[in-house]
Amino acid sequence: MVALLLSTTAVLANDIVIAGGRVIDPETGLDAIRNVAIEGDKIVAISEFPLEGDVVIDATGHVVSPGFIDLHSHGQNIGDYRMQVIQGVTTALELESGLLPIGDWYDAQATKNLPMNYGASAAWVFGRIATFTETDPLATAGYFLDVQGRTDWKLDIASPEQSERIMALVEQGLKDGALGIGVNAGYAPGFGHKEYYALAELAKKYNVPTYTHVRYASNTEPQSSFEAVQELISLAAITGAHMHLCHINSTSLSDIKATMALVEEAQAQGINVTTEAYPYGAASTVVGAAMFSGPDWRSRMDSTANNFQLGADRMTEDELADYQANKPGTMIVWHFLDEADPAALSLLDISVTNPATAIASDSVLWSYFDENGNILHYEGDEWPLPDNVFSHPRSTGAYTKILRSYVRERGVLSLSEAIRKMSLLPAQILEDSVPQMRTKGRIQVGMDADIVVFDPAAVADLATFENANQPTVGVQTVIVNGGFSVRDGELVLNAPNGRAIRNVVAD
């Protein structure tokens with residue numbers, strides 16, 4: 001291939017050169033040994049000939065990939081970002097749930113030294129909570145978790161006056177730069193169909209996606225996962241809105257063949273529906289979530305208390321009842337498929353390996369028990385994270401698990417396809433409405449210098465459900481906007497490289 005150079009000056013005056021790595025660009029199909037030069041925050045040269053730079057990274061035997069883009073990342077504290085960036089994530093977005101007021105959240109994030117790019121949607125569920133509790137929303141996870149004991153915002157149809165306030169709050173979020181509308185319907189499944197239709201129309205008006213956790217998770221009808229996915233697709237078809245379906249793996253449970261077929265057929269007909277999945281047979285949610293209620297939820301979800309895990313231990317029925325009654329906002333891990341069972345693993349693979357499915361982590365907050373047994377979220381800046389914190393392993397291992405299990409060990413994804421699903425595809429899902437994403441997810445001259453360098457023979461997730469606090473290994477370098485966030489396999493503390501990913505909408 002002909003060397004791609006901007007100029008002789010660029011060759012001689014590069015800030016960073018990544019030398020001798022296997023460069024994979026999923027958009028152009030480049031997969032060859034190349035040298036990559038970075039100046040400022042951009043890639044300025046890709047060459048088969050030597051390049052000079054102030055800093056030279058020896059990438060021999062390593063893969064040079066676009067940085068991974070996470071469309072579904074709830075952990076927005078510094079420790080959460082660090083656990084993500086060390087596995088190659090360069091952009092982490094809170095889209096499924098979102099936050100309000102979005103301007104307050106962006107302002108707060110801008111004051112921190114964040115190692116990766118960040119952004120969020122306008123949280124419809126925050127608008128619902130604010131309306132039903134007659135409060136002003138707060139752009140914190142606590143605002144959502146603290147009202148899990150109430151059922152009105154989860155199950156009641158909004159009055160015309162309430163609907164007006166909900167929509168006004170969400171629309172203001174879009175005007176303030178939100179990346180779309182987060183529709184966390186699984187946590188408020190009783191909302192009206194007209195309300196969902198209005199959200200889709202609002203998204204179409206502002207040319208942004210909705211990001212939906214569908215309202216039902218059930219293997220059986222009525223109110224099945226199939227029905228919920230069908231509802232989402234119908235709104236995309238009727239309104240023309242881009243409707244993104246969050247974690248199709250966990251909301252489909254064992255009915256993934258049917259729901260994935262729905263998505264494929266919709267896409268084949270040109271309906272603007274996209275989706276994502278994470279590579280685990282367990283979810284993380286609040287113990288008081290609406291889906292874990294009603295007389296038949298166990299049979300509909302093929303679940304008992306033993307499917308729930310808190311910290312390192314599975315729960316008993318008495319513990320489950322106690323937490324649901326007294327601490328419904330407690331974050332737990334819920335096992336919906338047993339990956340040790342080949343049949344269950346094959347169901348998970350249907351979602352993860354589908355060419356139209358992006359990889360997204362659904363990373364969650366890191367938590368710990370205080371001296372009274374209460375669960376608190378870790379918001380400190382200690383690194384490594386304190387020994388007593390726990391989370392879902394997807395909070396630090398989703399992307400490296402793809403590279404270890406799906407690519408290297410089981411061979412169900414090629415390396416180039418895995419990289420496409422973790423970088424280019426998520427960028428493409430957003431780029432029609434978020435111009436910043438048009439220069440991400442690619443290794444090309446002129447693109448953003450968001451790059452990960454990893455050893456394909458050694459990269460691995462170490463996190464387990466019993467001990468998720470084990471950082472990934474095998475990632476040599478992570479560069480975000482031209483600056484090091486990981487160098488020589490070590491986190492660069494307080495690297496201020498992250499930038500806001502923010503939509504620009506016209507009133």
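Helix α12, residues 297-301, gives the largest share of the lining of the second largest pocket, with 3 residues. This is a predicted model. The second largest pocket holds about 300 Å³ of space. It is lined by 17 residues. Closest to its centre are Tyr 216, Gln 223, Ala 290, Met 291 and Ser 293. Sorted by class, the lining of this second largest pocket has 8 nonpolar, 6 polar and 3 charged residues.

Now turn to the largest pocket. Its space comes to about 940 Å³. The lining takes in 48 residues. Ala 141, Leu 145, Met 331, Leu 365 and His 377 lie nearest the centre of the largest pocket. Several elements give two or more residues to this lining, including α3 (102-110), α5 (141-145), β14 (282-286) and β17 (331-335). Strand β8 provides the largest share, 5 residues. By class, the lining of the largest pocket has 20 nonpolar, 19 polar and 9 charged residues.

Next comes strand β21, residues 451-454. Which way do its side chains point? Ile 451 and Val 453 point one way, while Val 452 and Phe 454 point the other way. In a regular strand, side chains alternate between the two faces of the sheet. All four named residues of β21 are buried.

What does β21 pair with? Strand β6 (residues 63-66) is joined to β21 by 4 bridges, and the two run antiparallel. Here Pro 66 stands opposite Ile 451. Strand β22 (residues 475-480) also pairs with β21 in the antiparallel sense, over 4 bridges. There Val 453 stands opposite Thr 477.

Terms used
Residues are numbered from 1 along each chain as its sequence is written. This is a predicted model: local features need pLDDT of at least 70, side-chain atom pairs count only at pLDDT 80 or more; totals for chains, interfaces and linings use all residues. Side-chain values use heavy atoms; hydrogens and water are left out. On a 1 Å grid over the protein atoms alone, a cavity is a set of points where a 1.4 Å probe fits but cannot get out, and a pocket is an open set with protein on both sides within 12 Å along at least five of seven lines; lining residues have an atom within 4 Å of a point. Grid points are joined across faces, edges and corners, and a volume is the space filled by probe spheres set on the points. Ala, Val, Leu, Ile, Met, Phe, Trp, Tyr, Cys and Pro count as nonpolar, Asp, Glu, Lys and Arg as charged, and the others, Gly among them, as polar. Buried means under 20% relative accessible area, exposed over 50%, partly exposed in between (1.4 Å probe, protein chains only). Two strands pair if DSSP finds at least two bridges between them.
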